[in-house]
Amino acid sequence: MSEASVLSVRNLTKVYRPRRRLILPGQPRPAIPAAVDDVSFELAPGEIIGIAGESGSGKSTTVKCVARLVDPDAGEVWLDGVNLMTLSGSPLRSARRLLQVVFQDPYSSLNPQLQIGAAIREAGVAHGIPGARDPRFVAELLDKVRLPASYASRLPRDLSGGQRQRVAIARALAPRPKIVIADEAVSALDVSVQTEIVNLFLDLRDQTGISVIFVSHQLPVLSALADRLIVMKSGRMVETGDTREVLAAPKDAYTQALLAAYPDPQAALQRRGFGGGERPGAGADDPEGARDE
Amino acid sequence: MNDSQTPDTLLEIDDLRIGFAAKAKDAAATVRGVSLSVRRGRIVGLVGESGSGKSLTCRSIMRLLPEGGHVLSGSVAFEGEDVLGMSRRELLEFRSTRVGMIFQDPFSSLNPTRRIGAQMTEALRASLGISEKDAVQRAVSLLDEVDIPAPSDKLRMYPHELSGGMRQRVMLAIAMGARPRLLIADEPTTALDTTTQAQILRLLRRVRDENGTSILLVSHDFGVIAEMCDEVAVMYDGFVVESGPVEEVYLRPQHPYTRALIASVPTLTVPERGYRRPTIPGPPLGTTAYEGGCPFSPRCPLARPACADVPMTLLPVAPAHVTACPFEGVHA
């Protein structure tokens, strides 16, 4: 692991093999494509990496392998000087403390019968964080995700989707991780709420220096969040680089297609002849299809 | 919209209120005042956050409100005919031949245990009263119209054998089976990948261009709305707060909520480090009880005492462009 990295992922590969498949004698074994195919990247302290791609691209499997929620077939994940792939049992559990995951649907990842405060406290207690039983522990975490301390006694169903996701983030922060992995953490939320959560991750990073791996199929969500982008397709990293560079000048054909498919309101209206001019329809001087970045 | 009921008008919703309770008289409104019109051959967008009442409004057009839902007041007219007063028989005919609907999740609207062909021919025979053989032929040509390759093979498949995009094409083919004049598309691309979304949107536009079908397109994504729609209505907490030509509403938004919503749309532009995109402050939709007046006022940067009992009537600001916010100076 290079000096500057908090996490180093090397040649990660995962193939989902069907448990049983009838192979008739004399027939070749069907080739099964890898869900994750030779993925490597480094994550620096305080860095936010965005992993973009469509369904089936392997972005979710990649981060699940990194967190050892799925066992990869090959590759190494170095965290804090240890290769997670060589660990099991209690050493794995304690290493995992440093790497917490936030999922897409906060409602299904929170116990519906457990008060918010208890859910957050439990995450701290389970990893032996000193002072986790102190009410101030929960209050501080709620404050970090900008929820009032009074929410500790509420149940998940009393909260909006965005508030629930804040709770899920507070719970992920409870074991004092170095890395938070967000797997489509804003995909189920309304646009304005997505922006709130994105801003929250940016603030947390700026304030605490935490590193973030943020998986999303929405490039516009990643544009304001990620320092670096990884674009995945069919299990492979097809492009990686500084977010600004990848979005401004994508080198890979797939990245280009992905960017072109995103409906930008301003661009769409201009393409349809409605310019940003003074009057509706005055954009006639902008012939159809003449623009596009 | 105020300048309604031209011969051009296909669908006209006027001050619709919908509530939930065991009995209609006990119901408090959740859709509190929706006025909307769709002209022939137009694509009209319905945009707003979850819980704003978009889907309920759509369902009320089909008279498909969920259990306990009642229309409390207002009217829905289709080609001048009162939809809310239709008999069961009229309603059946209305749903099967004049309006089609597709939903966000095509997997849950298809029967997982039956082949695509059986589901399509059943729907076609019911709505068109044709023979099984004709229905099969029609199903093949419908699948072909929505760009499904090898359509006859697909008829033998089960829904799980198709991708999300393909399933949504099948749903569209079924909805278009009787050549309805109105297609209601409720978040039809929300569950799909971006590149698949682009294909489905192109297809919807072609459906309009080739058949003259009007489309009521529900979306929370202003990108989709700007790409597709001629007009758009913006909903918040059960009210239409603004509506008009899409370019008018997007480029010159009048209601503070519309402005906040547009400002929060993420783009591909990479901002400077330290920049935070604007959000909508205040209590999220659905977390506070409605107490009259403008429901956005608790979150509105321009709120004033008068907002507490503003009537939420849509006032004209430009041709066909209306807003429920009556305050001068707000429309900067």
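## Basis

This is a predicted model, in which local features need pLDDT of at least 70 and side-chain atom pairs count only at pLDDT 80 or more, while totals for chains, interfaces and linings use all residues. Residues are numbered from 1 along each chain as its sequence is written, and chains are lettered from A, ligands numbered from 1, in the order in which they are written.

## Chain B overall

Chain B has eleven helices and twelve strands (DSSP runs numbered from the N terminus: H or I of at least four residues for helices, E of at least two for strands). The C-alpha trace spans about 65 × 55 × 40 Å along its principal axes. Of the 332 residues in chain B, 49% are buried, meaning that 20 or more other C-beta atoms, placed from the backbone, lie within 10 Å of the residue's own.

## Helix H7 of chain B

Helix H7 of chain B covers residues 164-175; at 1.5 Å a residue its twelve residues should span 16 Å, and its end C-alpha atoms are 16 Å apart, which agrees. The expected span is 1.5 Å times one less than the number of residues.

Eleven of the twelve residues of H7(B) are buried, so the helix is largely enclosed by the rest of the structure. Among them are B:Met166, B:Val170 and B:Ile174. The buried residues pack against several elements of chain B, including strand E6 (99-102), helix H4 (116-128) and helix H8 (194-211).

## Where the chains meet

Definitions and conventions. Contact = placed C-beta atoms within 7 Å.
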